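Please walk through the structure shown below.

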Amino acid sequence: MALSPVIGKLLHKRVVLASASPRRREILSQAGLRFEVVPSRFKETLDKASFPAPYAYAMETAKQKALEVAARMYQKDLRAPDVVIGADTIVTVGGLILEKPVDKQDAYRMLSMLNGKEHSVFTGVAIIHCCSKGGQLDTDVCQFHEETTVRFSRLSEELLWEYIDSGEPMDKAGGYGIQALGGMLVEYVHGDFLNVVGFPLNHFCKKLVELYYPPGRHDVRRVKHDSIPAVDTFEDLSDVEGGGSDPAGGIEGGPGGQAAAGTRGAEANGAVESPPPFPADLLGLIDGFKASKALFTACKLKVFDVLKDEAPLKAAEVAGRIDASVCGTGRLLDACVALGLLEKTDGGYRNTEVASRHLASDGEYSLHGLVTRHDDHTWELFTRLEVAVRQGPNAAAGGKVEDPAQSQQTMLQFMRAMHGLSKLTARRVATAFDLSRFTSACDLGGCTGALAHELAHEYPRMRVTVFDLPDVLEHVACFQPGGRPSERISFVPGDFFKDSLPEAELYVLSRILHDWPDDQVHALLGRLSGRCKPGGGVLVAEETVDEDPAAARSNLAAALSLLVRPRGRGRSGAEYRDLLEQHGFRDVQVAAAAGGALHLLLGTRASPP
Ligand SMILES: O=c1[nH]cc([C@@H]2O[C@H](COP(=O)(O)OP(=O)(O)OP(=O)(O)O)[C@@H](O)[C@H]2O)c(=O)[nH]1
């Protein structure tokens, strides 16, 4: 995108938009700018009469909005953002300044003044560079304004009221939104359309060019484009980190450096290359691990538990509850806001619905256990993904297979992770096929019994046995639902490779087979097939690796997890079907559950030949 070079100058800075206007947010983010939004609390009450012109009022208001946010943020954690952007849009007609209407009558008053006439829209903008000097906030203010002329058609009273009743005028300067229904009122626009909407993007980019590429730094090109003013050349400027001078006196990335020298070299050859499109999605991927780690850390520190019990809370209050530093907690909470896990209001931070339901440690559908297991265990395995890619499946762990039973704590963490996942998918697994013909089922490696409960609930004639290792069953009590335990569910300790399998019409293998190499999978299916009577069934639920690249994208996490894991391997849906057929199961039906994340197969034991 042509503007990205100059917008790119702000990408490595912490930029804050001091505005609650959704339009400003949209205009700037669509231009590729990355920023936080901290609405200003500055009251727009400056004395209009004390300004020599309406635009001076808009500029001063924009500046005060931005300064208020910079000061507030600095006061909070003694660190200001690098850049704060403020803006204020006003409409002027007949010497009067119109801001946002306070009610419908006020909107009518404004629209009547604009009816059939030409008016001006001014947006004042302030770009404030901040730094800390001697323990004090130091600011460098750059301001500008843009004027656009707009003319309304002659409109009937009825149409004006219809427009007012739409509700659109209320949060808009002059009482109309040119980008929406209000566009129908407008006969013509002279000047920058986005300036009317609330942010003069073109002028803003030119200002950034002035700030980051001051005259004297592009002499070669200037000779070539003699007649074009320097500020108009921003489309051609290369986005090179450190390639511009610092408008705030050395806050970051000053002139010079290797990259800047590279740009000069290209210019000297007379060939100024257009930069490539700004790779925002790619940068998001590169930073993806930081987002996961922020979520893991907030879970581990029980931030979502604290805010589930008590909210809203300020950063310092949360810090007190989780015994952490105020500054660090503030950063973590803000990261969670950016990730959509928390909401921030004037009163402080609160959980989003999804965080309360899934990230606090105590809910029915909590994934807290899964998150802490990923943080403590899977994360480390993934640090060795390169080894797994070079050497193949199971190599990443160097032959070390984790035994969850090594300590009570590890076992409980493992069970919590499994339980959270199973609770989310159990109903879908239980209902993917009609299992009502089976009156008994045995869930092999059924762990906490989450799937067993769903099967018993869904099929009132079915008795379900959960068959798992004694070390696992020792801990199942704390995972059982409240109320009277179901008489149709029983827990039987045993090892499905060694011990006699409980008798059942249906055997369930949910997330079991991937954990074992082929020889053991054959051994298990052989035992199961021998135990299953003709007409009996086997139900397999697994994450699969898919050959189809489109499906692979959605299965990416599963496919890589299966690669780095210390034992077992990933298989495709077709491989699982083959396995069942090899062991005498026929009429294999296939279904998907949990948004395609789980591949389900139901096979029926054929009569032996
Ligand atoms: O055609 C349109 N004209 C104006 C707007 C929107 O109007 C408001 C102007 O108000 P202000 O500059 O005071 O900004 P606020 O919304 O109060 O947000 P701040 O937090 O920045 O003060 C502005 O939102 C324009 O976008 C419009 O949408 N269309």
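**Rings and a helix**

Eight aromatic pairs occur in the structure. Rings of Phe, Tyr and Trp (its six-membered ring) pair if their centres lie within 6.5 Å; planes under 30 degrees apart count as stacked, over 60 as edge-to-face and the rest as tilted. One of the pairs joins Phe51 and Tyr57, edge-to-face, at 5.7 Å centre to centre and 75° between the planes. Tyr57 is buried, at a relative accessible area of 0%; buried means under 20% relative accessible area, exposed over 50%, partly exposed in between (1.4 Å probe, protein chains only).

This is a predicted model: local features need pLDDT of at least 70, side-chain atom pairs count only at pLDDT 80 or more, and totals for chains, interfaces and linings use all residues. Residues are numbered from 1 along each chain as its sequence is written, and side-chain values use heavy atoms, with hydrogens and water left out.

Phe496 and Phe497 also form an edge-to-face pair, 5.1 Å centre to centre with 70° between the planes. Phe496 is buried at 11% relative accessibility, while Phe497 is partly exposed at 22%. Ring pairs link these two residues and Trp516 into a cluster. The charged end of Arg567 sits over the ring of Trp516, 3.8 Å from its centre (NZ of Lys or CZ of Arg within 6 Å of the ring centre and within 35 degrees of the ring normal).

Helix H2 spans residues 22–30, and its buried residues are Arg23, Arg24, Ile27 and Leu28. They lie on the same side of H2, because they cover an arc of only 120° around the axis, taken from the directions from the helix axis to the C-beta atoms. Helices (H or I, at least four residues) and strands (E, at least two) are DSSP runs, numbered from the N terminus. Just after H2, Gly32 has a positive phi of about 95°.
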